Amino acid sequence: MTSDDLRGQLEIRDLAARFTDAVNRRAPKEVAVLFTQDGAWHVPGVPSAVGHEAIGDLLAGLLTNFTRLIQLTHSGHVDVSGSTATATWYITERGADSAGDTFEFTGVYTDRLVRAEQDGWRFVERSFGFLHRKGVGKERWYPHPNVVAD
């Protein structure tokens with residue numbers, strides 16, 4: 001591993017942390033600029049968003065459903081190869097809607113990234129998958145999207 005790869009790992013970890021911070025501060029425009037101009041964000045149950053405007057609009061729409069929301073990023077790993085990288089991050093999210101109904105879930109982000117000359121590392125594609133969801137009176141477990149078969 002080169003010093004450039006290590007620097008890339010640190011910068012990508014910071015990018016993922018900035019994503020979570022912007023979500024928690026309810027800042028859709030700040031989330032959007034963490035992607036490339038034609039970057040894509042995939043969230044189950046809603047159409048994929050491509051481009052800064054669509055990504056910002058998707059997050060703004062999702063946030064209108066919740067009066068309370070906190071996202072936490074846990075462990076992850078980053079694999080850098082020159083000016084491209086992949087990363088995997090585990091997250092939990094807890095929140096409440098306007099009726100006071102609460103939810104929580106655990107999931108995994110699978111990312112493709114690129115190092116842009118002017119902007120540094122950015123998400124090319126960020127795909128979320130549920131691993132566990134719990135809401136009022138219901139709970140569901142999901143398989144890992146990249147499970148390794150025996």
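Q: How many helices and strands are there in the chain, and what makes a run count as one?
A: The chain has three helices and seven strands. Helices are DSSP runs of H or I with at least four residues, strands are E runs of at least two, and both are numbered from the N terminus. This is a predicted model, where local features need pLDDT of at least 70, side-chain atom pairs count only at pLDDT 80 or more, and totals for chains, interfaces and linings use all residues. Residues are numbered from 1 along each chain as its sequence is written, and side-chain values use heavy atoms, with hydrogens and water left out.

Q: In what order do the elements run?
A: From the N terminus on, the order is α-α-β-β-α-β-β-β-β-β.

Q: Why is the chain called as compact as a globular protein of its length?
A: Its radius of gyration is 16 Å, close to the 15 Å that the globule rule gives for 150 residues, so the description holds. The radius is taken over C-alpha atoms, and the rule is 2.2 Å times the number of residues to the power 0.38.

Q: What makes β1 and β6 a pair?
A: Two strands pair if DSSP finds at least two bridges between them. Strand β1 (residues 35-42) and strand β6 (residues 120-135) have four, in the parallel sense. W41 stands opposite R126 in β6.

Q: How do you know that β5 pairs with β6?
A: Strand β5 (residues 102-116) is joined to β6 by 13 bridges, and the two run antiparallel. Within this pairing, G107 has F130 of β6 as its bridge partner. A hairpin of three residues connects β5 to β6.

Q: What makes a residue count as buried, and what share of the chain does?
A: Buried means under 20% relative accessible area, exposed over 50%, and partly exposed in between (1.4 Å probe, protein chains only). Of the 150 residues, 38% count as buried.

Q: What share of contacts in the chain between residues at least 6 apart in sequence join residues at least 24 apart?
A: The share is 49%. A contact means heavy atoms within 4.5 Å.
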